Amino acid sequence: MGAAAPAVQATDQDGNEVDLAEVFRNATVLFYFYPKADTPGCTKESCGLRDAYRKFIDHGVRVFGVSMDTAAAQKQFVEKYHLPFTLLADPEGKIVEAFGVAKRNGHASRQSFLIRNGKISWHTAKVNPETHAEEVLREIERQSS
């Protein structure tokens, strides 16, 4: 913990370039990796974060999801489930690699990072899609107290 978050370029679900160094600077960000858009576990996890989104905003936390899907697949996922946060497309695995996230069968493994002011303040490689939002919110509250 305390390592600098990787400052890589990314593409969001709308095809816009995103400078992660800028995203992470002076902000608290939940950065979560998931295997594949619109699959059962990933949908459960993302919709749980969507349903708790107001609480993340109340804590001043921005949410970004990352998978190795295309921007078009991410856009469909956002639209189908009304996800209020940005999804990043990483088909070449550059972001996955920069964060040291393991790949399984050509997909990113399910992991999460909390980043505060450009530094990784929390990481878990054991994400339960059903309880992920609550777990992250508990950690945010723990770090805030």
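## Terms and basis

A residue is called buried when its relative accessible area is under 20%, exposed when it is over 50%, and partly exposed in between, with a 1.4 Å probe and protein chains only. At 0% relative accessibility, Leu114 therefore counts as buried.

The model is predicted, so that local features need pLDDT of at least 70 and side-chain atom pairs count only at pLDDT 80 or more, while totals for chains, interfaces and linings use all residues. Residues are numbered from 1 along each chain as its sequence is written, and side-chain values use heavy atoms, with hydrogens and water left out.

Leu114 belongs to strand β8, which covers residues 111–116; helices (H or I, at least four residues) and strands (E, at least two) are DSSP runs, numbered from the N terminus. Leaving aside residues up to four places away in sequence, Leu114 has contacts (heavy atoms within 4.5 Å) with residues including Val29, Leu30, Ile120, Trp122, Val136 and Ile140.

Trp122 lies in strand β9, residues 119–124, and counts as buried because its relative accessibility is 12%. Its C-alpha atom is separated by 9.3 Å from that of Gln143, 21 residues apart along the chain.

## Nonpolar cores

A nonpolar core is a set of buried Ala, Val, Leu, Ile, Met, Phe, Trp, Tyr and Cys residues joined through side-chain atoms within 4.5 Å. The largest such core has 24 residues, and those with the most contacts inside it are Leu30, Phe56, Phe85 and Leu87. At least two residues of this core come from each of β3 (28–33), α2 (40–51), α3 (53–58), β4 (61–67), α4 (71–81) and α6 (132–144), and α6 gives the most, with four residues. Apart from this core lies another, of 23 residues, among them Leu20, Phe33, Val66 and Ile95.

## Helix α6

Helix α6 has 13 residues and reaches 18 Å from its first C-alpha to its last, close to the 18 Å expected at 1.5 Å a residue, where the expected span is 1.5 Å times one less than the number of residues. The buried residues of α6 are His132, Ala133, Val136, Leu137, Glu139 and Ile140. Seen down the axis of α6, these buried residues fall within an arc of 160°, so they line one face of the helix; the arc is that of the directions from the helix axis to the C-beta atoms.

Turned away from that buried side, the other face of α6 carries the exposed residues Arg138 and Arg142. The cover over the buried residues of α6 includes β3, α2, α3, β4, β8 and β9.

## Salt bridges

With a salt bridge taken as a side-chain nitrogen of Lys or Arg within 4 Å of a carboxyl oxygen of Asp or Glu, the count comes to 11. Lys36 pairs with Asp69, their closest N and O atoms being 3.5 Å apart; Lys36 is in the loop between β3 and α2 and Asp69 in the loop between β4 and α4, 33 residues apart. Lys36 counts as partly exposed at 37% relative accessibility, whereas Asp69 is buried at 7%.

Asp38 forms a salt bridge with Lys80 in which the closest N and O atoms are 3.0 Å apart. Asp38 lies in the loop between β3 and α2 and Lys80 in helix α4, so this pair ties together parts that are 42 residues apart in sequence. Asp14, Lys75 and Glu79 are linked in a network of salt bridges.
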